[in-house]
Amino acid sequence: MSLSKKKSDIYIQNSYIKLPQALYSKVYPEPVKNPKITIFNESLAKDLELNNFLENTKLIKEYLSGNKIPKGSIPISQAYAGHQFGHFTMLGDGRAVLIGELTSKQNQLVDLQLKGSGRTPYSRQGDGRATLVSMLREYIISEAMYYLNIPTTRSLSVIKTGEKVFREDKLNGGVLTRIASSHIRVGTFEYVARTCSKNDLIRFTKYVIKRHFPSLLGSNQLPVELLKEVMLRQIDLIVNWLRVGFIHGVMNTDNMSIPGETIDYGPCAFMNKYNPDTVFSSIDRNGRYSFLNQPNIGYWNLSVFAGTLLSIMSDDKKKSLEIAKEVLNSYSEEFSYKWHVMMAKKLGINQFVENDKKMILKLLDLMKKYSIDYTNFFVKLRWDAFTGEGFCDTIEFQDWYKLWKQRVQIENNSSEVFKIMESQNPIVIPRNHLVENALLEVDKGDNNSFNKLLKLVSDPFNYELNINNMQTVPDNFDETYKTFCGT
């Protein structure tokens with residue numbers, strides 16, 4: 001991206017339109033009546049060198065509502081498919097328009113997409129719009145994930161459209177500007193593999209590798225190396241989700257980003273009391289995407305991804321299957337090792353050893369048995385502050401606690417142990433009740449709670465904060481809490 005001398009112009013590119021036309025449709029955002037800025041991410045705008053936005057709020061309303069298109073942009077909606085709850089469906093950007101690509105200060109190419117910008121050829125029976133509340137949810141959760149050091153799409157702004165959106169009720173409309181390394185998904189590969197030629201699949205695969213994995217370009221087995229890289233990124237991503245108690249809520253293949261970013265914040269939420277079977281999504285009735293089933297679904301999605309590459313791995317189908325299976329067979333061991341390393345670090349252990357497994361699993365058994373808050377426990381462990389906690393007086397916990405003390409004393413000095421714990425364990429997460437309260441108030445025109453929560457989740461590892469009032473969940477809140485897609 002380069003900026004014009006005129007502060008009213010933004011220059012943008014779109015490399016995606018060089019791909020086969022079957023992969024997208026040219027479409028313009030639908031203008032909105034009365035755009036108003038609800039929130040704008042100044043730090044992200046600076047990172048993208050959007051200095052003109054910082055100097056002229058009128059441009060934010062015009063460009064980020066879809067009422068004006070930047071020079072150089074050829075707006076498109078992307079076609080893709082996906083397995084939703086295990087069932088294949090033809091999909092596409094039903095309420096989103098890709099405006100084009102920018103280059104960040106780090107010289108990284110990123111997508112600029114408007115979400116909730118109106119109907120597209122993929123909208124089916126939908127209106128192409130989004131509610132203000134659902135876009136604000138994505139804004140605050142995606143920003144929280146960024147500051148939790150988890151790969152994620154980010155939010156540049158939310159614009160209130162001045163129009164109503166009809167769901168169960170008549171609601172305020174909103175448009176989110178999403179920034180992503182790209183919006184290429186496993187479902188995109190499914191679409192190409194099913195609807196395009198083999199040559200198109202080869203061409204698309206090379207595009208993805210050049211954009212996201214350029215170090216692989218010298219390989220003579222590009223599809224295989226791509227599968228390996230995507231698998232490793234997905235493992236790292238899901239391990240990070242488990243580190244902070246995050247539940248994506250709808251891990252369909254169309255919501256699995258090839259560059260390994262958390263994408264599509266619909267019915268997502270954070271687990272408070274530790275329970276591996278926790279589900280908040282209103283549409284996940286059988287727990288397919290529960291907290292601790294996320295690694296299994298990661299493997300399932302990767303198996304689908306591998307299937308899309310079989311035809312270009314080898315001309316021999318049997319050989320392709322053998323290659324794909326060999327890669328996928330390493331998933332379980334790789335995931336287990338990285339998860340155990342992560343959990344050890346949460347306990348202040350920098351060098352995980354095999355004997356640590358029993359201690360980690362015993363702790364999780366105790367946390368489930370006594371319904372212990374997942375975030376608060378590790379913060380209190382760091383401070384050695386369990387006063388008033390009923391479970392800490394049990395023989396089971398006291399035995400575990402002695403083992404942990406002995407282990408970390410072997411590991412390192414106390415200051416190093418605490419430093420490791422503080423780097424892995426957030427003191428604050430976007431608690432579900434706080435998010436809901438903030439969204440309710442901002443929808444009524446009061447941004448105070450939203451801004452306060454956003455400030456807190458933007459500094460999640462600051463152990464100097466006094467936020468005891470932000471760490472207590474109202475009794476029985478999670479038992480009845482449900483999240484929704486917002487579509």
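In which hand, left or right, does H7 pass H8 in their crossing? The crossing is right-handed. Keep in mind that this is a predicted model.

Start with the two helices themselves. H7 covers residues 222–244, and H8 covers residues 294–313. Their axes come within 10 Å and cross at roughly 170°. Angles over 145 degrees count as roughly antiparallel, so H7 is roughly antiparallel to H8.

Now look at the side of H7 that meets H8. The H7 residues are Pro223, Val224, Leu226, Leu227, Val230, Met231, Gln234, Ile238, Trp241 and Leu242. On H8, they meet Gln294, Pro295, Gly298, Leu302, Phe305, Ala306, Leu309, Ile312 and Met313. Sorted by type, the residues of this contact give 16 nonpolar and 3 polar, with no charged ones.

Next, the backbone. Asp264 is not a glycine, yet it has a positive phi of about 65°. Find Asp264 in the loop between strand S10 (246–247) and strand S11 (269–270). Is Asp264 buried or exposed? Its relative accessibility is 12%, so Asp264 counts as buried. The cut-off for buried is under 20%.

Asp384 also has a positive phi, of about 55°, and is not a glycine either. Asp384 sits in the loop between helix H12 (374–383) and helix H13 (395–411). Asp384 has 43% relative accessibility, so it counts as partly exposed.

Note on methods:
Residues are numbered from 1 along each chain as its sequence is written. This is a predicted model: local features need pLDDT of at least 70, side-chain atom pairs count only at pLDDT 80 or more; totals for chains, interfaces and linings use all residues. Side-chain values use heavy atoms; hydrogens and water are left out. Axes are lines fitted to C-alpha atoms, for helices over the stretch in contact, and angles run from 0 to 180 degrees between N-to-C directions. Helices (H or I, at least four residues) and strands (E, at least two) are DSSP runs, numbered from the N terminus. Angles under 35 degrees count as roughly parallel, over 145 as roughly antiparallel, 65 to 115 as roughly perpendicular and the rest as oblique. A crossing is left-handed if the near helix is turned anticlockwise from the far one by less than a right angle, and right-handed if clockwise. Contact means heavy atoms within 4.5 Å. Ala, Val, Leu, Ile, Met, Phe, Trp, Tyr, Cys and Pro count as nonpolar, Asp, Glu, Lys and Arg as charged, and the others, Gly among them, as polar. Buried means under 20% relative accessible area, exposed over 50%, partly exposed in between (1.4 Å probe, protein chains only).
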